[in-house]
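Good morning, and thank you for joining.

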Amino acid sequence: MSESMTIYCALPDFEGVAQVVMSKPGWVLLRREAAHIHLRSPEGEMSVNALFPVVGGKFGRVYMGALNAIRRIPGMDRSMRDQLYDDVKRAEMILGCVVEPDFLERDERFDAIFEIAQLCRGVVFDGFTFLTDNGEVIATLNGSAPDLGA
């Protein structure tokens, strides 16, 4: 099975992303293209695909899907919703990260995703939960969210 996470990046630094993942000890580069990296780590494989804003491209569909999902989160504090919406709205690059097999406990691939998010000032989405660049839960699609000191 595979697992995926999306990073909505304010800084479109795909070369920096490549440096982060290719500098990991024991990771082997399997394929590198202009907007794609595929690697093997001790825990399994990881692919990172970048989307950039182009007219008629997939970026717009993914971007608008996230913004619409944020608007529909039930019961979310308005200021938190506005902040999350603004953070995703700043995205100039969207990274799709796919791992196979699924993440393991203490998985370096999981850690790499948050290193990338920090580098690119990104918000991480795992398909159900929006997370900060250091892994703290911002909100879930069903409206549950922690008290982040608001």
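This is a predicted model: local features need pLDDT of at least 70, side-chain atom pairs count only at pLDDT 80 or more; totals for chains, interfaces and linings use all residues.

**Sheet and helix packing**

Residues are numbered from 1 along each chain as its sequence is written, and side-chain values use heavy atoms, without hydrogens or water.

Strand β6 (residues 122-125) runs antiparallel to strand β7 (residues 129-131), and two bridges join them. Strands and helices here are DSSP runs, numbered from the N terminus: E of at least two residues for strands, H or I of at least four for helices. Strands count as paired if DSSP finds at least two bridges between them.

The open sheet has eight strands in the order β2-β3-β4-β5-β1-β6-β7-β8, with antiparallel pairing. β2 (28-33) and β8 (137-140) each have a single partner strand, so one side of each lacks a neighbour in the sheet. From one strand to the next, the twist averages 20°; angles run from 0 to 180 degrees between N-to-C directions, and axes are lines fitted to C-alpha atoms, for helices over the stretch in contact.

I turn now to the helices. Helix α1 (residues 14-22) packs against helix α4 (residues 108-119) at an angle of about 150°, with the axes 10 Å apart. The two are therefore roughly antiparallel, a term for angles over 145 degrees. Contact means heavy atoms within 4.5 Å: Gly 16, Val 17, Val 20 and Val 21 in α1 meet Ala 112, Glu 115, Ile 116 and Leu 119 in α4.

Note on methods: Angles under 35 degrees count as roughly parallel, over 145 as roughly antiparallel, 65 to 115 as roughly perpendicular and the rest as oblique.
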